[in-house]
Amino acid sequence: MKILSYPLRYLALQSEAGNRLYRRDSVFVFGMATILALPFILFNGNFFGPSGLLDRVGTFASVLTGFYIAALVGVASLSSTIGDLDDIIDVGPIFGPDVESGQLEKLTRRQYVCSLFGYLAFVSLFISISAIFAVVCSGIATPGLITKAQASIVAWTGFSASWVATSFEVIRGGVIIVYAVAISHIVATTCHGLYYYIDRIYLKGTTIGTKTDADEKSSDSPPSS
């Protein structure tokens with residue numbers, strides 16, 4: 001079970017201020033999730049069915065999974081001299097729990113990028129597989145079958161038919177919100193990964209050094225005419 005959940009280690013990463021990284025851009029994530037979810041909750045749109053939003057996102061997520069795995073393999077196999085991948089992150093340090101002790105420790109650039117893309121690969125794979133399952137189930141769950149299921153629950157539990165129908169709608173809306181948040185978080189985290197690949201992976205902290213012998217000789221030598 002630990003192996004299956006290991007990619008979720010990214011959710012435990014913290015900034016220098018002690019804030020969890022997955023909480024950054026929360027306004028964007030929940031704003032985008034609201035835009036994705038509301039039309040399907042309020043107007044009962046095609047979210048789970050064939051050619052619905054989840055079906056299309058699941059197909060795209062299967063492609064993204066390959067991209068994330070390729071990015072993960074790429075950064076894991078890059079030479080340590082490129083961008084000082086195995087150096088501790090000095091500018092904007094990131095902390096994560098040690099595998100053995102569980103204590104927080106500073107991550108290297110390679111560890112951070114591998115955690116990020118490993119998490120993205122895991123979530124996109126989950127969305128892709130669960131989307132297939134949801135679309136198949138939506139084909140089975142016809143309106144007549146749902147009505148029979150609600151009637152059976154009313155008969156077994158004694159709850160009112162309106163309460164059971166409302167519960168079905170609440171559960172449906174809750175699942176839509178979960179998917180919308182996951183999709184939105186993938187978008188935000190992917191942007192962070194691309195940004196780090198493009199810019200931050202090469203960023204170094206400023207250091208105060210001394211002149212080497214070669215520097216002193218070059219400074220003492222007269223300029224060439």
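Where does valine 175 lie? Valine 175 lies in helix H6, and that helix turns up in several of the points below.

1. Ground rules. What you have here is a predicted model, with local features needing pLDDT of at least 70, side-chain atom pairs counting only at pLDDT 80 or more, and totals for chains, interfaces and linings using all residues. Residue numbers start from 1 along each chain as its sequence is written, and side-chain values use heavy atoms, with hydrogens and water left out.

2. Overall make-up. The protein chain has seven helices and two strands. Both kinds of element are DSSP runs numbered from the N terminus (helices are H or I with at least four residues, strands are E with at least two). Reading from the N terminus, the order is α-α-α-β-β-α-α-α-α. Of the 225 residues in the protein chain, 31% are buried. Buried here means under 20% relative accessible area, exposed means over 50%, and partly exposed is in between (1.4 Å probe, protein chains only).

3. H3 against H6. Helix H3 (residues 53–77) packs with helix H6 (residues 161–198) at an angle of about 30 degrees, and their axes are 12 Å apart. That angle makes H3 roughly parallel to H6. On the terms: axes are lines fitted to C-alpha atoms, for helices over the stretch in contact, with angles running from 0 to 180 degrees between N-to-C directions. Angles under 35 degrees count as roughly parallel, over 145 as roughly antiparallel, 65 to 115 as roughly perpendicular, and the rest as oblique. The H3 and H6 crossing is left-handed, a label used if the near helix is turned anticlockwise from the far one by less than a right angle (clockwise would be right-handed).

4. H3 against H4. Helix H4 (residues 109–140) is another partner of H3: their axes come within 8 Å and cross at roughly 155 degrees. So H3 is roughly antiparallel to H4. This crossing is left-handed too, as H3 passes H4.

5. The nonpolar patch. Leu38, Ile41, Leu42, Phe43 and Ile177 make a nonpolar surface patch of about 510 Å². Patches take residues with over 30% relative accessible area and no salt bridge, joining like charges within 9 Å and nonpolar side chains (Val, Leu, Ile, Met, Phe, Trp, Tyr) within 5 Å. A salt bridge would be a side-chain nitrogen of Lys or Arg within 4 Å of a carboxyl oxygen of Asp or Glu. The areas come from the Shrake-Rupley method with a 1.4 Å probe, and for residues only the protein chains shown count as cover. Helix H2 (residues 26–42) gives the most to the patch, with three residues. Take isoleucine 41, which lies in H2: it is partly exposed, at a relative accessible area of 32%.

6. Which residues of H6 come up here? Valine 175 sits in H6 and is partly exposed, at 33% relative accessibility. Valine 175 is 138 residues from alanine 37 in sequence, yet their C-alpha atoms are 9.7 Å apart. Valine 181 is also found in H6, and counts as partly exposed at 25%. Leucine 194 and phenylalanine 117 are 77 residues apart in sequence and 10.0 Å apart, C-alpha to C-alpha.

7. Two backbone spots to look at. Most residues other than glycine have a negative phi. Aspartate 25 is not a glycine, but has a positive phi of about 60 degrees. Aspartate 25 sits in the loop between helix H1 (2–5) and H2, and is partly exposed, with a relative accessible area of 35%. Asparagine 44, again not a glycine, has a positive phi of about 55 degrees. Asparagine 44 lies in the loop between H2 and H3, and is exposed, with a relative accessible area of 52%.
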